[in-house]
Amino acid sequence: MSSRSEHVFTLCGRDSAALDDELRFEAAARNARMLGRFVFAGGRAYEALRSSFSKADGGIAWLHGDRAPQDDLSYMQAFAISGTPLIPVFAGGREAGCVYEDEFARYCFLVGVLPARHATSREAQANEVFELLDAALKEQGFCFGDTIRTWFYLDRMLEWYSAFNTVRTAFFTARDVFDRMVPASTGIGAANPQGAALSGSLLAVQPKTGVLRVLSVPSPLQCAATDYRSSFSRAVELTFPAYRSLLISGTASIAMDGTTAHAGDPSAQVDLTMRVVTALLDSRGMDWKDVTRGIAYFKNAQDRPLLEAYLHGRGLPALPLATVCATVCRHDLLFEIEVDAVKLS
């Protein structure tokens with residue numbers, strides 16, 4: 001079987017067509033095909049993206065950070081694969097991702113799955129998204145318990161995040177997810193052009209042998225998210241013969257007892273959040289130079305320079321991040337970051 005290679009491209013700008021062209025050029029240069037894209041934009045840039053890509057098919061999560069200023073930059077983050085065939089996967093009647101494989105496992109990546117019935121309650125829409133994700137996985141021979149990473153972008157998140165968590169926990173219970181491994185996850189406030197209450201994305205992995213090990217990783221500086229009724233793991237690690245891949249969930253300024261730390265102080269929240277992620281990386285023998293992808297979410301646009309200042313002040317490398325404005329899951333949380341890292345064995 002061909003050896004696969006993963007590629008992630010993160011681009012920023014105001015010209016949506018130019019960004020899309022650049023993504024396609026980058027993928028073609030590596031003989032890679034797109035698995036999926038996250039597209040973030042606000043204000044006029046968001047409207048430009050909607051018109052430019054209104055007929056684009058699945059594998060794309062279209063996201064409008066609900067606190068983005070009118071002239072906010074657009075970000076695109078694309079996932080691509082080379083060296084292995086891709087099998088299209090459909091969810092809710094539209095192409096939403098791909099299945100691919102290597103000698104160690106089969107993988108299913110679904111992006112931007114939306115409910116069909118936007119007029120129903122938010123809870124009903126959330127349940128429909130879980131059902132659509134589950135059905136798409138089953139059609140390809142996976143089960144939801146194979147899921148190792150999820151992303152959920154909720155419109156007007158602060159109005160119903162608790163209700164979303166109730167739906168997610170009930171679904172995980174019904175699918176025996178808690179008896180296997182709870183996936184890493186990001187839950188952020190972001191609207192979508194279709195007007196749905198949320199969109200969902202996931203990565204599922206089905207090992208072929210015991211050579212590939214998948215395990216949940218606890219945070220040295222935070223309690224388990226399940227302690228405050230949020231059903232996700234702090235991180236998930238995949239161990240291959242030649243390398244380890246660490247997927248760190250959306251992480252914010254939350255103290256060991258589950259309460260918000262440094263309410264109203266964005267600089268202190270950035271500092272604590274980055275120390276929490278540093279401790280997670282260190283617990284797996286990694287550091288910031290091993291980070292391959294990430295997204296930083298700021299509630300307020302004026303706080304975005306704080307991350308660059310943090311990195312510069314500690315001599316850390318520039319990171320391959322998309323930096324966007326979006327609502328974090330509590331009214332007093334101002335910053336969240338998710339990262340992936342890879343370390344050779």
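1. Arg4 sits over the face of Tyr107, 4.3 Å from the ring centre. The criterion for a charge over a ring is NZ of Lys or CZ of Arg within 6 Å of the ring centre and within 35 degrees of the ring normal.

2. This is a predicted model: local features need pLDDT of at least 70, side-chain atom pairs count only at pLDDT 80 or more, and totals for chains, interfaces and linings use all residues. Residues are numbered from 1 along each chain as its sequence is written, and side-chain values use heavy atoms, with hydrogens and water left out.

3. The structure holds 25 aromatic pairs. Rings of Phe, Tyr and Trp (its six-membered ring) pair if their centres lie within 6.5 Å; planes under 30 degrees apart are stacked, over 60 edge-to-face, the rest tilted.

4. Phe109 and Trp151 pair edge-to-face, 6.1 Å centre to centre, with 75 degrees between the planes. Phe109 belongs to strand E7 (residues 105-113) and Trp151 to strand E8 (residues 147-154), so the pair ties together parts 42 residues apart in sequence. Strands are DSSP runs (E, at least two residues), numbered from the N terminus. Phe109 is buried at 4% relative accessible area. Trp151 is buried too, at 4% relative accessibility. Buried means under 20% relative accessible area (1.4 Å probe, protein chains only).

5. Trp160 and Phe164 also form an edge-to-face pair: 6.1 Å centre to centre, 85 degrees between the planes. Both residues, Trp160 and Phe164, are buried.

6. Ring pairs join Trp160 and Phe164 into a cluster with Phe130, Phe144, Phe152, Tyr161, Phe171, Phe172 and Phe178.

How values were computed: Helices (H or I, at least four residues) and strands (E, at least two) are DSSP runs, numbered from the N terminus. Buried means under 20% relative accessible area, exposed over 50%, partly exposed in between (1.4 Å probe, protein chains only).
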